[in-house]
Amino acid sequence: MKYEFIELQKENKHWIRGVANFKEEKDQPVIIMFHGFTGNRIGNSFFFVQMAKAFVQAGYRVYRFDFEGSGESDGKFVDMTVSSEMEDGILIYEYVKKKHPNTDIHLLGFSLGGLVASLIAEKLQPKSLILLGPAANMLEIIDPFAKKIIGTEEENKVQEYGGVFLHLNFYHDLKKHNVYEKASLYDGPVIILRGAKDRTVDRISNEKLAGIFPKGHYVEIEGTDHSFTNGYRRVELIQKILEFLKES
């Protein structure tokens with residue numbers, strides 16, 4: 001698998017950084033991967049790298065980027081919002097589309113990255129959407145954090161959150177985005193895959209999201225959690241993604 005390191009500059013002059021993975025120089029169908037909340041383009045126990053290697057072997061070109069404030073990209077995590085990640089996603093997609101104007105582009109989003117992909121799909125019109133435990137219930141996940149600091153002084157609106165710092169602005173920005181409304185506007189094929197033992201993203205939100213996408217399909221992977229941290233189940237997951245791509 002070959003690597004190409006890429007830097008893209010945003011309007012705010014910050015650089016987001018990523019890689020392209022491929023087997024051959026010629027045009028191949030593309031998969032763009034969006035990581036999750038506090039994640040990066042490598043993934044938990046190399047999750048994104050594992051998927052990229054399998055996709056490249058199957059004949060796809062893969063792009064993996066760190067969103068602004070995450071991984072090796074510029075910016076601070078505390079300034080990250082869903083809107084900023086949507087901007088990054090659009091920038092990445094437009095870069096890839098310009099580079100490969102005549103090939104199919106698929107979007108894959110994990111957790112918060114799945115929410116981001118769902119929100120921008122109607123605008124970008126990728127060939128298909130692959131959503132892994134998409135955080136359609138992100139507002140519920142983040143609500144306990146927000147309730148701790150709503151109404152406090154400005155200097156107290158930043159809280160430690162699992163090794164990083166999160167600003168209340170993330171919560172306020174999140175409330176602006178209705179993923180179910182946006183999902184109804186994208187009519188390409190969609191598969192939502194979720195671990196049956198996922199304790200972060202609930203089944204109800206993912207089944208609802210799959211039902212709202214005009215061509216949505218929900219699949220549950222037994223014996224694994226939100227990050228699919230089971231090697232055998234990851235093999236199963238990747239196989240289901242490749243089968244979906246072949247049919248799309």
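Reply: Ala, Val, Leu, Ile, Met, Phe, Trp, Tyr, Cys and Pro count as nonpolar, Asp, Glu, Lys and Arg as charged, and the others, Gly among them, as polar. The model is a predicted one. By that division, the lining of the second largest pocket holds nine nonpolar, four polar and three charged residues.

Me: Which residues of that lining lie nearest the centre of the second largest pocket, and which helices supply at least two residues each?

Reply: Of the 16 lining residues, Ala136, Asn137, Met138, Leu139 and Tyr180 lie nearest the centre. Helix 4, helix 6 (179-183) and helix 7 (203-212) each supply at least two, and the largest share, three residues, comes from helix 4. The space in this pocket is about 260 Å³.

Me: How does the lining of the largest pocket divide into nonpolar, polar and charged?

Reply: The lining of the largest pocket has nine nonpolar, twelve polar and no charged residues. Its volume is about 330 Å³. Among its 21 lining residues, Gly36, Phe37, Thr38, Phe110 and Ser111 lie nearest the centre. Helix 1 and helix 4 (138-149) each contribute at least two residues to this lining.

Me: Why is the aromatic pair of Phe37 and Phe170 called tilted?

Reply: For Phe37 and Phe170 the centres are 5.7 Å apart and the planes stand at 50°, so the pair is tilted. Phe37 lies in the loop between strand 3 (30-34) and helix 1 (47-57), whereas Phe170 belongs to helix 5 (residues 168-174), 133 residues apart. Ring pairs also link Phe37 and Phe170 with Phe77, Phe145 and Tyr161 into a cluster.

Me: What makes Phe37 and Phe170 buried?

Reply: The cut-off for buried is under 20% relative accessible area. Phe37 has 17%, so Phe37 is buried. Phe170 has 0% and therefore counts as buried too.

Me: Why is the pair of Phe47 and Phe48 edge-to-face?

Reply: The ring centres of Phe47 and Phe48 are 6.0 Å apart, and their planes meet at 70°, which is over 60 degrees, so the pair is edge-to-face. Phe47, at 2% relative accessible area, is buried, as is Phe48 at 1%.

Me: How do you know that a charge sits over the ring of Phe22?

Reply: The limit on distance is within 6 Å of the ring centre, and the charge must also be within 35 degrees of the ring normal. The charged end of Arg61 sits over the ring of Phe22 at 4.3 Å from its centre. Lys208 likewise lies over the face of Tyr180, at 4.1 Å from the ring centre.

Technical notes. Residues numbered from 1 in each chain as written. Predicted model: local features only at pLDDT ≥ 70, side-chain atom pairs only at ≥ 80, totals over all residues. Heavy atoms only, no water. Phe/Tyr/Trp six-rings, centres within 6.5 Å; stacked < 30°, edge-to-face > 60°. Helix = DSSP H or I, 4+ residues; strand = E, 2+ residues; numbered from the N terminus. Buried < 20%, exposed > 50% of the residue type's maximum accessible area, 1.4 Å probe, protein only. 1 Å grid on protein atoms, 1.4 Å probe; cavity = no way out; pocket = protein on both sides within 12 Å on 5 of 7 lines; lining within 4 Å. Points joined across faces, edges and corners; volume = space filled by probe spheres on them.
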